[in-house]
Amino acid sequence: MRSTAALKQQSGKRRIKYTTLLLFVLVIMVIIMTPEITPQDANKLIIGNRLLGPSSEHLLGTDHLGRDLLSRMIAGVRTTVGTSLLILSISMVIGVTLGLLTGFLGGLYDRMFKRIVDAFMTLPDYIFAIVLSGLLGPGFLNLLFAVIAVKWVGYARLVRSTVLQEKEKDYIKLAELAGVPALRIVKKHLLPRVMGNVFVLAALDLGKIILIIASLSYLGLGPQPPTAEWGSMLNEGRVYFNTAPHLMLAPGIAIMITVLIANICGDRLRDKLDVRMKKGA
Amino acid sequence: MLSIHNLIVDSSRDKLVRGISLELQAGGWLALAGESGSGKSLTAASIGGLLSKELKQSGIISWQGTDLADLSPSRKRQFLGKEISYIFQDYQGAFTPFMTIGKQLDEQLLTHTALNRTQRRVLSIEALVNVSLSGERVYGSYPSELSGGQLQRAAIASALILNPALMIADEPTTALDSLTAHKVLTYISKARARRDMSVLWITHDLRHVRRYADHVAIMLKGEIVEQGAVDQVLNAPAHSYTQQLIAAIPPLSPHVPRRLGLPEGVHET
């Protein structure tokens, strides 16, 4: 018999699970439907309306240039979270492809690749991304490039090590013996095997990437004004923190909650997919 | 048919196979027996070029008079896929875990034949039925949904599907119970009779050797110490190691006294 306390704890856990899942779906829907649900033009300046508090017309008030804060927050979902998802997918594609090919082909390619990856791994994510985007100059594309340059390595390393393990197994040897072309072996036999791990890593990475992007934008290295982005909104609101704290609170809380959702979803996915964790439990 | 001449497998530290020579006739069944670490599996792996990159292989392996080393990589792949097939001990690893058995059989046929989708499906299911598996069901199953015996039989179906001229079976029954092992060996035996296929069989079980093989070679520390017809080698072993191996076979009846001593270095516990 399970105690009521344990049952309560379990139902609480389940509630967290469904709430986060719901919120995640909500975030994705906001990204898809941004233009439809933004109440007002996020970039429309009405200087007379500057720094208004929350009202029925402007639910979250207005910023220092009189723009509707709620609209900018919603538009910011697309820039901040949308960009993070874009960066995540591109890093995954690059990392998985390189990891699969070098791991499977081995030899000189693999040795060269390993050195490159090792070199990247010695650099701390954040600092390297900041230095890189600082060197490239501010801008959306440069931000994209800087974060991808930092993030693809993790995927490549994970995939390569899985492939190195798998390719010694009989089924790969048999497929090779049977004359199945190398590209087909990689695509059909190895790719599905590595994708589980890759998705877990990606889910855990999403929160980090959102934070990196927000930090870089806060420093002014990301998308340039008037684009609405949570990190740069934080920076814009900084000057008015005493008179209009909502300008910093709204994006700050939004970043916190999104990163939290991403991390909880990542944890859940890892529990579901990672066999080693299951064995331990 | 298959002839191995002076095969040497070298690791950086030691010679693992020390110049062995073997002949396997068309339709013959040659058992390669010996204790673990004697180089049996390395010999089998070197035929298909399956040795890991750290090991160096020298000597001549020829198939119907053609030295395998002379073939171009693409010819060799074609040849290995179609003429020679392998079965390994670890049936769990014989199939890609997230592809159905049918898909994997289909892939082999796709690579080596010009059959269309329906023909390939029919042929795959027939191959499964030939090893007494319920064809349709196993065709659509993932490896994890089958038992060990079923998987090993499916592996045999996969090894036989292209009508190979030589099957290399590396301890195919070691991980199976004796009844299932018997069935598996019977399928190989039937297929051999039907297609005039040669079998190179790695085993350490001399009881099975007596029953299925017609020639046997005994390996010890990378060398062949004795080879010949099964009856001759097992009934009148010339080498002391062969005698020890035969003596180590556990008797089935408790009333039969153990006449010969245990092999050297093995102590009664």
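Which residues are buried in helix 4 of chain B? The model is a predicted one, and in it the buried residues of this helix include B:Ser124, B:Ile125, B:Ala127 and B:Leu128. These four cover an arc of only 155 degrees around the axis, so they sit on the same side of helix 4 of chain B. On the other side of the helix, B:Thr118, B:Gln119, B:Val122 and B:Glu126 are exposed. The cover over the buried residues of helix 4 of chain B includes helix 3 (101–112), helix 5 (135–139) and helix 6 (148–160) of chain B.

Helix 4 of chain B runs over residues 117–130, which is 14 residues. From its first C-alpha to its last it reaches 20 Å, close to the 20 Å expected at 1.5 Å a residue. Just after this helix, B:Ser132 has a positive phi of about 60 degrees.

**Chain B as a whole**

Chain B contains 10 helices and 10 strands. A compact globule of 269 residues would have a radius of gyration near 18 Å, and the 19 Å of chain B therefore agrees with that. Along the principal axes, the C-alpha atoms of chain B fill a box of roughly 60 × 50 × 35 Å. Of the 269 residues in chain B, 40% are buried. Among contacts in chain B with a separation of 6 or more, 63% are between residues 24 or more positions apart.

The strands of chain B include a hairpin made by strand 1 and strand 2, with 4 residues between them. Strand 1 covers residues 2–10 and strand 2 covers residues 15–24; the two pair in the antiparallel sense over 7 bridges. One position can be followed across this pairing: B:Leu7 has B:Ile20, in strand 2 of chain B, as its bridge partner.

**Where the chains touch**

How many residues of chain A are in contact with chain B? There are 13 of them, and they are in contact with 19 residues of chain B. On the chain A side, the elements that give two or more residues are helix 6 (170–177) and helix 7 (182–218) of chain A. Helix 6 of chain A gives the largest share, 5 residues. By class, this side of chain A has 6 nonpolar, 2 polar and 5 charged residues.

A:Ala202 lies in helix 7 of chain A, and A:Phe140 is in helix 5 (residues 140–166) of chain A. Why does A:Ala202 count as buried? It has 22 C-beta neighbours inside 10 Å, and a residue is buried if that number is 20 or more. A:Phe140 has 15 other C-beta atoms within 10 Å, so it is partly exposed.

Leaving out residues up to four places away in sequence, A:Ala202 touches A:Leu88 and A:Met92. With its neighbours within four places set aside, A:Phe140 is in contact with A:Gly222 and A:Pro223.

| Pair | Separation in sequence | C-alpha to C-alpha distance |
|---|---|---|
| A:Ala202 and A:Leu88 | 114 residues | 6.9 Å |
| A:Phe140 and A:Val200 | 60 residues | 27 Å |

For A:Phe140 and A:Val200, 60 residues apart along the chain, the C-alpha atoms are separated by 27 Å.

Notes: Residues are numbered from 1 along each chain as its sequence is written. Chains are lettered from A and ligands numbered from 1 in the order in which they are written. This is a predicted model: local features need pLDDT of at least 70, side-chain atom pairs count only at pLDDT 80 or more; totals for chains, interfaces and linings use all residues. Two strands pair if DSSP finds at least two bridges between them. Two residues are in contact if their C-beta atoms, placed from the backbone, lie within 7 Å. Ala, Val, Leu, Ile, Met, Phe, Trp, Tyr, Cys and Pro count as nonpolar, Asp, Glu, Lys and Arg as charged, and the others, Gly among them, as polar. The radius of gyration is taken over C-alpha atoms; the globule rule is 2.2 Å times the number of residues to the power 0.38. A residue is buried if 20 or more other C-beta atoms lie within 10 Å of its own, exposed if 12 or fewer, and partly exposed in between; C-beta atoms are placed from the backbone. The expected span of a helix is 1.5 Å times one less than its number of residues. The arc is that of the directions from the helix axis to the C-beta atoms.
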